[in-house]
Amino acid sequence: MSAYLTGLIVILCLNIIIAYSVFLPAAAGQLNLGAAGFMIIGAYMDAYLNSADDGLGLPMLLSVPAAALFTALIGFLVSFPILRTRGVYMILATFAFAEIVAGIVLNMEVVGGASGFPVSSHAELEDLLPVTIGVVLFGFYLISTRFGLAMRSIHDDESVAILFGVNARHIQVGAFTIGAFLGGLAGALYGHQFDYIEVQNWGILFSIFVLLYVLIGGTQTPWGPLIGALFFTFVPELLRAVGDATGWELIGELRFAVFGAIIVGMMVLRPEGIMTRTFLELLFRKVPQRSPQNPPNNMEGV
Amino acid sequence: MLIAQQIINGLMLGSVYVMVAVAFTLTIGMLNFLNFTIPALFMVAAMITWATTAAGFHWLVGSSLGMAVAIIASLIIERFTYRYMKAKYGDATEHALPLVSSLGFLIIFEHVVIMIWGTDPMSFNSPFAHAQFSIAGLIFGIPQLISLALSVALVFALSLLLKKTRLGRALRSIAEKPDTATLMGVDVGRIVPVVFMMTGFLCALAGILFTINYKNVSPYIGDHVATNAIAGMVIGGLGNIWGAIAGGLIIGMVEVLSIHFWGAEIIKVPVWGLMLLILVFRPTGLFGHTRIGKGKF
């Protein structure tokens, strides 16, 4: 496998993990624009625990889960104030959280401040791949459980879900905390892949992109973040390849602009994301059963 | 004395945030839509002003061109973010769609500008570099003072427009409920572009004034200014234009004073900490209404 492809798959794996981190709250109706915050916490905690010189010198096998758990704890604690807000306010609150985390880490001399922090041990793609597959399977499992059903019901209509006895608050805090765990995991693994972490890598644009993975992929089914991350990782590279192959360098240079146009077009054509419940049914439906008693339910989930 | 100078500088910086914050608060208040194309409009106007001036034209030519481009771009954005979704789904704001489309536009604009002019910060040769005077040892830059006066005057004019005119009444009815406004005979399809034109105008003006005052442009200036303006808008209360004035000026002062006392590294913590505290404990902001911006997305 060429180094280019390996690098691309590493980025894809990290994108998938962070996409599930944002997907879980989004599946419960909470838009999280603070993916960067959790990733920073995970990356720095892991690097600190892992570093023999400045930190505790724990092996990678311990430091990564510990960092992810620590991020989950932070996520649990901040979920109470943040989940008091909703809609636009929630987007802004999570964004503010990410900026505050970046601001605090930027001023912590123990982890290098603005100049970044080196990560001692390096992980290969072979270590990253099983974790990613595990995260995807976990995402699918979680959505299939009763907890996942409650999440989806809150996403569709919070008041009705509460009327039916769903404890919306518990579910949302749970989804947010698990999301934080995955965000921390992604951050920790990022550090072990690239051997050096800097807060500047995780700005507003990063959080925006991660939110787009999820919204373009679709929040209705667990396929959404997977497809969104695949789409966002490969389409710009594909556009570059097309630009090289056809000799129209403009396509390669403008690939992100083309990509933005694709996003706008996507919202026009598939507003609920690429993968929706009706689309899934269409793919895996055996025989269309139509009878006057059971009219087909073609309602697009709103 | 040094502190007084810093407070003046903060107010001057805040006046740029005020205009962008008013642009944000207008779209949120009227359409319940967090418009992420605002940083792009701001940046495009600033870059065009710089580029035409650097090419040898008078700065007025450059800024008019920048403003025209921003307003036209904003109208194009309206078609794809708001109008289309509205036609297709009734109340477009129930969905995250306009938000995502506006993020798409942000990506388009930033990368087109990067492709044309590169990512390096450019210095703008301001025609008013030395236009300043001092009172009792405090230095006032004339362009900064003008932009402060302009932003207050604009918001005053805007609030008059909203209160007294037919257009203002139509806009307020759309803010209440677009469907009812339609029933009452308001042509929503024709009024909404006005909001977007105002957005484009305010962003472009802020971008041009920022370029003239701080003599520095780059494809990323919009992000910094717009995020601070968002913080200002939240502090003032979503949907409230007078709140946006106060919030923008407060953020400008917080930024300048925290740089003065604690250095540039820490700047994010006070600005966003203040915003998060307000969001959690007083989500209406200092002057806001509770209803606006509380829909699903």
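1. The model is predicted: local features need pLDDT of at least 70 and side-chain atom pairs count only at pLDDT 80 or more, whereas totals for chains, interfaces and linings use all residues. Residues are numbered from 1 along each chain as its sequence is written, chains are lettered from A and ligands numbered from 1 in the order in which they are written, and side-chain values use heavy atoms, with hydrogens and water left out.

2. The contact (heavy atoms within 4.5 Å) draws 49 residues from chain B and 46 residues from chain A. Between the two chains there is one salt bridge (a side-chain nitrogen of Lys or Arg within 4 Å of a carboxyl oxygen of Asp or Glu), by the count for chain B and chain A. One residue pair, both at pLDDT 80 or more, is in polar contact across this interface. A polar contact is a pair of N or O atoms within 3.5 Å; within protein, one must be able to donate a hydrogen and the other to accept it, and residues adjacent in sequence count only if both atoms are side-chain atoms.

3. On the side of chain B that touches chain A, α3 (59-89), α4 (97-117), α9 (221-236) and α11 each supply at least two residues. The most comes from α4(B), with 14 residues. Helices are DSSP runs (H or I, at least four residues), as strands are (E, at least two), numbered from the N terminus.

4. Over all chains, the salt bridges number two. In one of them, B:Lys268 pairs with A:Glu99, and the closest N and O atoms are 3.5 Å apart. B:Lys268 belongs to helix α11 (residues 268-281) of chain B and A:Glu99 to helix α4 (residues 88-106) of chain A, so the pair joins two chains. B:Lys268 is partly exposed at 28% relative accessibility, whereas A:Glu99 is buried at 9%. Buried means under 20% relative accessible area, exposed over 50%, and partly exposed in between (1.4 Å probe, protein chains only).

5. A salt bridge also links the side chains of A:Glu237 and A:Arg240, at 2.9 Å from N to O. Both residues lie in helix α10 (residues 223-246) of chain A, three residues apart, or about one turn of the helix. A:Glu237 is buried, with a relative accessible area of 16%; A:Arg240 is partly exposed, at 31%.

6. A:Ala47, in helix α2 (residues 35-50) of chain A, is buried with a relative accessible area of 0%. Not counting residues up to four places away in sequence, A:Ala47 touches A:Phe117, A:Val119 and A:Ile197.

7. Helix α10 (residues 241-262) of chain B has 22 residues, which at 1.5 Å a residue should span 32 Å; its end C-alpha atoms are 31 Å apart, which agrees. The expected span is 1.5 Å times one less than the number of residues. At the start of α10(B), a side-chain oxygen of B:Asn240 comes within 3.0 Å of the backbone nitrogen of B:Trp242. Just after α10(B), B:Gly263 has a positive phi of about 95 degrees.

8. On confidence, chain A has an average pLDDT (the predictor's confidence in each residue, from 0 to 100) of 84, and 93% of the residues score at least 70. Residues 298-302 of chain A have a pLDDT below 50, and this stretch makes nine contacts in the model beyond near neighbours in sequence.
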